[in-house]
Amino acid sequence: MKPVAFEYCRPDTLDEAMELLAEFGSDASIVSGGLSLGAMLNMRLVRPKALVDVNRIRDLDAIRTSASGTETGAMVRQASALKSREIAEAVPLLARALPNVGHYQTRSRGTLGGSVAHADPSAEIPLSLVTLGGSVKLRSPKGVREVAAREFFHGVLTTDRRADEMVTGLVWPAREPRTGYAFEEIAQRHGDFAIVAAAAAVTVGEDGNITALSFGLGGVEDRPFVVDNPEFIDHPAIAATAQEIASAAAEIVEPMVDIQASADYRRQLVRVIGAKALMAAFADAEAQREAA
Amino acid sequence: MLRIKPDQKQRISLTVNGKAMTGYAEPRMLLADFLRHELRLYGTHVGCEHGVCGACTAIIDGAATRTCLRYAVQCDGSEIETVEGLADADGTLNALQKAFNENGALQCGFCTAGILMSATKFLEENPTPTRAEVVDMLSGHICRCTGYEQIVRAILQASGQ
Amino acid sequence: MTVKTVSTPAGQGHQTVAAQVVADALGLHPEDIDVVTEMDTLTSAWSLASGNYANRFSSVVVGTIAETAEKVAKKIKLIAAENLEVAPEDVELVGGEARVVGVPEKAVPLRRVAAQTHWHPAGLPDAMEPGLFETTIMNPPMLGAPDEEDRVGSAVTFGYVCDIAAVEIDKATGKVEVKKYVSVHDVGNVLNEIVVEGQIYGGFAHGLAGALLEEFVYDAGGNPQAGTFADYLCITAPEVPEVTVGHFNTPSPHNSLGAKGMGDGSSMLAPTAIANAAADALGTFDIELPLTLNKTWALANGLPYERAGAARAKVGDGPQETGIDGGLAGEGSVELNAPPGAVWKLLLDPDTLAAVVPGCEALEQTGPDGFRAEVTIGVAGIKGLYSAEIELRDKVENESVRLVGKASGALGFGHGEGRVTLEAIESGRTRLSYSYRANVGGKVAAVGQRMLGTVTKILIGQFFRGFERRLKGDGAGSSGGGFFRRLFGGGGS
């Protein structure tokens, strides 16, 4: 199908974008990569009065790492992030998630900010941001706002972004020492939306026990989230613990049901893929320890 | 700031396969449709219009990506490479096309243009890919006829391996 | 030299092979042959081979082309023989000429022979037709006359393929991995290796897709759930394993080229081979394709598999199950700072409803127990205007009511019912419990299924937030902690 007729607006600056958002509010759709929005527009699921194309706004595609972490502009292309040595070094979880995002032909145009604003429940970039406890920077005609990732995603395609706001950047916390990061997902075909995705950031002490754990799940419920599981601190970072953490999570999740997976099958995948991610994170933490 | 009203036909000037071209488009006109119906370049195909099948893939400003998810109005001043630009002016197939021909890498041809453009960009970025890398790149294309084997061989052959 | 054939290929290489066959018969180069593939019954003779189906081309059509080319060759040789003053058996067609066998300098170019048939038909051998134009209608010996019930057997070929599949199933995830796949074909004489290979690989991939991936799914309301390529899973390159192809070719006795039909190939066998291998692995023949991850996992672990909301095609007699089934359902409760009487009064008040129903543009009472409303629902940019009609039934004052309603708009339509129950709790407060079931149809049901849960959650949340504000206006404190958790909890799907 073809989209409805809309006004095309292409601001050159953030201020101009803000003017447009003030004018159109929820009647505007913001397009960056267009890989997700474009499909919805073509299917006429979304029928905006105005399409605001932010691709020409400068300085929204920077990657800046400092002691506190890395900030990626909303317009950083997924392919650029995938190739970036800085990201590989500073945000390894994202680097490990990115090969799973879409396909070669979509990553060249899709953006980090766009994926976060779109908020598909199984999307890898939101899951990575939530797992690391990062945040989303937003701007509106009224000013700027930074929202913790764990509060940003509300439901399927639904976020805390207000109608007159635009995602301008993502903040990724600095990597921690002695911490391993891993990303695993399972889909029916390579590159498909994940049925279940698991991300893990695990800090392991000198004694081989977990000192910090962030176990995130995507594609399970209607938004990515980190499992609340403080009871595993001080447990040994071994296979048995990985199984326990994943199984405990499988018990408490309330999985979505769709044509790909029943609730029980999603729980099973939480167990299997979750444990896989945790094991890989443990191994990565060990590798970090040896390298130090 | 550029603003184009919904029913306004905007003049779009861009470079296609090295040649300056112009056409007119309302905001909602997909680049794929603009290439085909305004510029009469029918080599780029429209399969699904939701970015999955890959038949519409072309190279836009140096990136192989979906033309069904781009609007012509976004491409004023852009450089586009389509399948029409692969062969010589006299019709001599380029190395990639020859490899496709020799390996039977196309049957009905509907997916072919998109795959050729993906492969063209891919080989520029990765001149000696492994078979696994070629297969991974191809995951963004659906082909009904070939079962992909001969396509993979053709791309590897074109890469000189 | 033009060949016109009634097959209408879609990339199977008919033009290539036809040109080859004609070139071989006439001593020409395939590039010299123009092949026209079209089927227009206004201008072409029709035959059972018209179009392209059931592996007709290499089994029947190409043999017919060969026969026709032979007729042309024979005519050319007769004319050339007279010109060269030799017997027709002593003429051969090579390199675009008709030559005397063993005396290559004694030759006449084909184009002269062809020209002669047009420009000088009187000079042709006795009783020979002018022009150089031959037609053959296929005549496969295996076709018979229609029987008494007016049926015809139209198959002119069978597949001669043997496939062996070895699969490994991961019990933990249900993933089916094809460890090895061997496919041996008897295609008779091979007309073009690359074309044959392409058909074999393509057929295999297609069959494998049917075995593992492709499925049309409908929910209980008949809405298609796999209506995009993101949901209907065609096979892509990473999912196609290497297949070891073998050939065991015995020439066909039914045409001069000895070629058999071979296009369908493993598309016929791969589903069965995979299913049988899976049956062997799983120890059960109760296999239904495609063996998707979830289904295979359930099978491998002896668990029941029922895809949510899936419709079953009913074949045969018996009533079809109808009614509200599958689709949306949910329940929850809120605690409100007012006694049941006050809540009841406000709940059924049209002005209150108009103010608190999210996106309500207009609401009017159509009778003592009915409402009509225009509602704009917009979540995640997916916005639409809906006309809704609601009826209140089974009213028990201050206690419970059932709502039955339907809505329709550009993005879809739905019907459903809900139940609201009020219960007095401590300190003059009320627990309002609700449950609902709904069927949704149209575009939003086909491509927006996953959204519906979020949308309902948000709308219900908005409704009760607004309702609570109205209640507060009646003079009570705030509703206390855990309000949102209670709203969003309780088994939504």
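Predicted model: local features only at pLDDT ≥ 70, side-chain atom pairs only at ≥ 80, totals over all residues.
Residues are numbered from 1 along each chain as written, chains are lettered from A in the order written, and side-chain values use heavy atoms, leaving out hydrogens and water.

Across all chains there are 9 aromatic pairs (Phe, Tyr or Trp rings, Trp by its six-membered ring, with centres within 6.5 Å; planes under 30 degrees apart are stacked, over 60 edge-to-face, the rest tilted). In one of them, Phe463(C) and Phe464(C) have ring centres 5.1 Å apart and planes at 85°, so the pair is edge-to-face. Phe463(C) is buried at 15% relative accessible area, and Phe464(C) is buried at 5%; buried means under 20%, exposed over 50% and partly exposed in between, using a 1.4 Å probe and protein chains only. Together with Tyr434(C) and Phe467(C), these two form one aromatic cluster.

Over in chain A, 5 strands make an open antiparallel sheet, ordered β4-β5-β10-β6-β7. Strands are DSSP runs of E, at least two residues, numbered from the N terminus, and two of them pair if DSSP finds at least two bridges between them. β4 (63-66) and β7 (143-148) of chain A stand at the edges with a single partner strand each, so one side of each lacks a neighbour in the sheet.

How values were computed
Helix = DSSP H or I, 4+ residues; strand = E, 2+ residues; numbered from the N terminus.
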